[in-house]
Amino acid sequence: MSVKLGLLALLDEQPMYGYQLHTTFKERTGDTWPLNIGQIYTTLARLERDGLVEPAGDDGDGHAIYALTDSGRDELRRWFATPVARADRPRDELAIKLAVALTVSGVDVREVLQTQRTATLRDLQDLTRQKREVAPDDLAWLLALDSLIFQAEAEARWLDSCEERLLGSPAYRNGVAR
Amino acid sequence: MTLLELRQVTRVHGTGAAAVTALDGVTLTVAAGELVAVMGPSGSGKSTLLNLAGGLDQPTAGTVVVDGQALGELSSRRLAGLRRRSIGYVFQDLNLLPALTAAENVALPRELDGISARTAHGEAIAALERFGVADIADRFPDDLSGGQQQRVAIARAFIGPRRLLLADEPTGALDTTTGEAVLRLLREQCESGAGGVLVTHEARHAAWADRVVFLRDGRIVDESRASEATANGDPMLSGGRS
């Protein structure tokens, strides 16, 4: 989905050429979403094929400009009107690792949890430091960072909850299967 | 410069078969300019650690050193003086006195220290100014919002020469942005030379610290430090965990 829709949203403001889209996209999402210029061009080609954007001449320096079509605009409105579904995560490595750790004898699950918790906290510290340096009026970047911060926090809370369950379970003693 | 040092600190409550070890051989130092967060589940020893660091409780074994002075070697009178001059506390329950104005609350520890009421008031106004709430100096706690009360409590914690801050869930019941403003303030104080210990069970709050230590069953089991800043300033977002 969203690189496509992200580009449509930018083109809704004004027609742009590929490099310009790349720069603007980076500014708006504050690098939370690394995207190379090649992805921009392939996405633009697909959008044109699907009739969502159309060529709109060049800027005089030979850069091909793209503009939104009416169906592109419709697609964009639909996107904003529709909630994002919680993405299916068919392979959540962490959840699988913990589930497996519970069944492997001799593994200190509490240790596995703590190792993960420390790593998650370090991520959170790094994100928070970046947030400290954001200019207060750079709202887009702040929102993007907050999103990552709340996700990391959710993981930390889930780890806490895993530990509580583990300690409350009669099948384990101090985190190791009896 | 080290503001706080815990050396092999142990605290046992009760004796014999009923003895409970709340803290078990904890060693921790907090330097000027540093904010250290302490995380851990209930009963892990977080509050005990904070009480010992603040001289509100005595260790069963080990040494607590604040501003170069071993607390165990001080008379109770000198200990009380050190607490007033060196250590600021911010608790979830702010302990602002309802009958005193914001400025009077902030000035109180200095007045107890014996400096003139006028000097103490001047210092209080300066502290309130530093935390952006000088305009409410003459109002009573009950007339203030939660965020304003919290700023008054922090101003009190940093009045005069106090440089060691001990905070227990200082963002308590504040909403996200107000809580964040409080953490930002604590952080800025530490960056300008104070030192702080922040006890919290919220990962998002602990993440404002330079170091996060994890307590479990009275022991420090792990520690997380923020990555060194990289040239382009984002160690995480360029790579990140997939």
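How much area do chain B and chain A bury between them? In this predicted model, the two chains bury about 2700 Å² between them, and 50% of that area is on carbon and sulfur atoms. The size of an interface is often given as the accessible area lost when the parts come together.

**View 1. The interface of chain B and chain A.** On one side, 35 residues of chain B are in contact with 33 residues of chain A. Ten residue pairs are in polar contact between chain B and chain A. On the side of chain B that touches chain A, the elements giving two or more residues are helix H6 (176–191), helix H7 (203–206), strand E9 (211–216) and strand E10 (219–225) of chain B. The residues of this side of chain B divide into 14 nonpolar, five polar and 16 charged.

**View 2. A salt bridge between the chains.** Side chains of opposite charge can pair when their charged atoms come close. Five salt bridges are found across the interface of chain B and chain A. Shown here is the pair Asp217(B) and Arg110(A), whose side chains meet at 3.6 Å, N to O.

**View 3. A salt bridge within chain A.** Over all chains, the count of salt bridges comes to 28. In one of them, the side chains of Asp12(A) and Arg73(A) meet at 3.4 Å, N to O. This pair links distant parts of the chain, 61 residues apart: Asp12(A) is in helix H1 (residues 2–13) of chain A, and Arg73(A) is in helix H4 (residues 70–81) of chain A.

**View 4. The largest cavity.** The structure holds one cavity of 30 Å³ or more. The volume of the largest cavity is about 60 Å³. Residues from both chains line the largest cavity: Thr128(A), Lys131(A) and Ile149(A), together with Glu180(B), Leu183(B), Arg204(B), His205(B) and Trp208(B). At least two lining residues each come from helix H6 (109–132) of chain A and from H6 and H7 of chain B. By kind, the lining divides into three nonpolar, two polar and three charged residues.

View 5. Gln8(B) is a residue other than glycine, yet its phi is positive, near 45°. Gln8(B) lies in strand E1 (residues 2–13) of chain B. Glu169(B), also not a glycine, has a positive phi of about 45°. Glu169(B) is found in the loop between strand E7 (164–168) and H6 of chain B.

Methods
Residues are numbered from 1 along each chain as its sequence is written. Chains are lettered from A and ligands numbered from 1 in the order in which they are written. This is a predicted model: local features need pLDDT of at least 70, side-chain atom pairs count only at pLDDT 80 or more; totals for chains, interfaces and linings use all residues. Side-chain values use heavy atoms; hydrogens and water are left out. Contact means heavy atoms within 4.5 Å. Buried area is the accessible area (1.4 Å probe) that two parts lose on being put together, summed over both. A salt bridge is a side-chain nitrogen of Lys or Arg within 4 Å of a carboxyl oxygen of Asp or Glu. A polar contact is a pair of N or O atoms within 3.5 Å; within protein, one must be able to donate a hydrogen and the other to accept it, and residues adjacent in sequence count only if both atoms are side-chain atoms. Helices (H or I, at least four residues) and strands (E, at least two) are DSSP runs, numbered from the N terminus. Ala, Val, Leu, Ile, Met, Phe, Trp, Tyr, Cys and Pro count as nonpolar, Asp, Glu, Lys and Arg as charged, and the others, Gly among them, as polar. On a 1 Å grid over the protein atoms alone, a cavity is a set of points where a 1.4 Å probe fits but cannot get out, and a pocket is an open set with protein on both sides within 12 Å along at least five of seven lines; lining residues have an atom within 4 Å of a point. Grid points are joined across faces, edges and corners, and a volume is the space filled by probe spheres set on the points.
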